[in-house]
Amino acid sequence: MSSLAYAVSDSMTMLRRNLKHAQRYPAMSLSVVIMPVMMLLLFNYAFGGALGAGISGGPTGGGSYIDYVAPGIILMTATAGAVSTAVGVCVDMTEGIVNRFRTLSISRAAFLTGHVLGSVIQTLIAIALVIGVALAIGFRPDASAVEWLAAIGLLTLLALALTWLSAGIGLVSRTPESASNTPMPLTFLPFLGSAIVPTDSMPAGLRWFAEYQPFTPAIETLRGLLMGTGIGNSGYIAVAWCVGLTLVGYFWSRSAFGRTSKR
Amino acid sequence: MTAPTTAPILTAPPAISALGLRKSYGDKVVLDGIDLTIPEGSIFALLGPNGAGKTTTVQILSTLIAADGGQAQVAGRDLTREADGVRAAIGVTGQFAAVDNLLTAEENLLLMADLQHVPRAEGRRRAAELLRRFELTEAARKPVVTFSGGMRRKLDLAMTLVGDPRIIFLDEPTTGLDPRSRRTMWEIIRDLVVADGVTIFLTTQYLDEADQLADRIAVLDRGRLVAEGTADELKRLIPGGHIRLQFADLTELDAAARHFGAAARDPEELTLRIPSDGSIPTLRAVLDVLDDAAVRAESLTVHTPDLDDVFLTLTGHGTPDTTTEMAR
């Protein structure tokens, strides 16, 4: 086998290990689903009346608020998955097993690739569940099959970007606790974008931030694909952000992994 | 308490050789020029107290960290230029059990087999064999998180062996184990050399462990090797040894005592203690004197100082943690 084939097979071995962990200890994976589902219920039933009235006539075109907020919350599921990656990587790093992997003649990236792919798969499953709940409580997307595929592609790309960043956070965090806290701002960013309310309802400074941060174009693209609202150039910007963040996260993680272990 | 005295095979290339290895963390010098030559198929023990630099040495030789200076070859490959080649030849069992707690013992072994690209069927066979060899078959399907310290250490070593390494690094393999698990581990380590012909590099802070297992011992103190040799050679480095002669009765004892000026006579025990370095020439001289005088001794025993004495003499400070560990 060539070294590339080894790298792929090592990554798949690591992926199987991570999926086995997730299957055996589902608490972490469940928390990834529970948070967005709770928010979905909260924003639909508790805040939905007031928020929906406030933005009717806006981007939803007078539709129900669930149709506005569901794409935003579906996207936030990806950020929840990121936290679990950071914790998973950090826990591994504080145990002896990583040093064992380092003394094996295996691809250096395999350990991280396994973690990241495992997390992306779990995140996509969580996203599917959140979409299911959204549909059950009245979310009515009008997307075609192609638009659904594009939406899934975008979500996968976003999950990949966030997961590589989180892998880096997990590597530089000293304890699992800090690994779980550091990605917090990441989970908050969608709130400061157009996930819950349109950005033009925000004060000037915040609106400026909201329009230029990566989550807003991603949310606008997802909403456009699912609900048929205007996408404009958000699609390109979103993809560029995702690819850029993936590359940053990947190279950062690799260099952090290359440095001395914590023990 | 005698160490195995396998003569090093001088013709074979060494399994591990190092020249002037250095490492510091900031101002703290951890290794200050270490030279090593370890023949293939032998057990080498790096003996030293906590903080002497044992783990750092293992980490450098197993490619985990880079040395600041010096060079080393492991399995005939250069440590820095051919790190992957070194990794393919070695197995490492660190100080802290490097097992995946969330998997079962069997899954841990299969994970290692997959990562070392052992074909699936062969991997299963090796895993089953290792589980049997280390008496873990019954616990094979249980998550490792439920294992005792001794079981984890055995599994850890089994994981190291899956890839069939030629050189095995064991960093304090019995630290924290109960006496019984410790003895089991010793047997396993001895078996590895006998059955598989591997080379073992082990670190220990237990003097009796080095004495029990190692063909050669190097004493590491504050980043420097202060002595190297077989256990017996090390013991001979320092004074305090003696030859003890046992006699049948007082007449024989007194007859012998007249011929050994410096000897200590013990009429109660009917023994004579003659100061000696324990070497063969002195031993022969003692026997010659007895022969010439036609005195019959019932038995003769050679007492060399134990490694604890050696350590104290060589380093000028004791090993407070381990002095009670000595069997004698």
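1. In chain A, the axes of helix 7 (residues 145-172) and helix 12 (residues 234-258) come within 8 Å and cross at roughly 25°. Axes are lines fitted to C-alpha atoms over the stretch in contact, with angles from 0 to 180 degrees between N-to-C directions. Angles under 35 degrees count as roughly parallel, and helix 7 of chain A and helix 12 of chain A are therefore roughly parallel to each other.

2. This is a predicted model: local features need pLDDT of at least 70, side-chain atom pairs count only at pLDDT 80 or more, and totals for chains, interfaces and linings use all residues. Residues are numbered from 1 along each chain as its sequence is written, while chains are lettered from A and ligands numbered from 1 in the order in which they are written.

3. Residues of helix 7 of chain A that meet helix 12 of chain A include Leu154(A), Trp164(A) and Val172(A). On helix 12 of chain A, the partners include Ala238(A), Tyr250(A) and Phe257(A). Contact means C-beta atoms, placed from the backbone, within 7 Å. The residues of this contact divide into 18 nonpolar, four polar and no charged. Ala, Val, Leu, Ile, Met, Phe, Trp, Tyr, Cys and Pro count as nonpolar, Asp, Glu, Lys and Arg as charged, and the others, Gly among them, as polar.

4. The contact between the chains takes 19 residues from chain A and 22 residues from chain B. Helix 1 of chain A gives the most to the chain A side, with seven residues. That side divides into five nonpolar, seven polar and seven charged residues.

5. Helix 1 of chain B (residues 54-61) is mostly covered, with eight of its eight residues buried (20 or more other C-beta atoms within 10 Å of the residue's own, C-beta atoms being placed from the backbone). Helices are DSSP runs (H or I, at least four residues), numbered from the N terminus. Thr63(B) follows helix 1 of chain B, with a positive phi near 70°.

Terms used
A residue is buried if 20 or more other C-beta atoms lie within 10 Å of its own, exposed if 12 or fewer, and partly exposed in between; C-beta atoms are placed from the backbone. Helices (H or I, at least four residues) and strands (E, at least two) are DSSP runs, numbered from the N terminus. Two residues are in contact if their C-beta atoms, placed from the backbone, lie within 7 Å. Angles under 35 degrees count as roughly parallel, over 145 as roughly antiparallel, 65 to 115 as roughly perpendicular and the rest as oblique.
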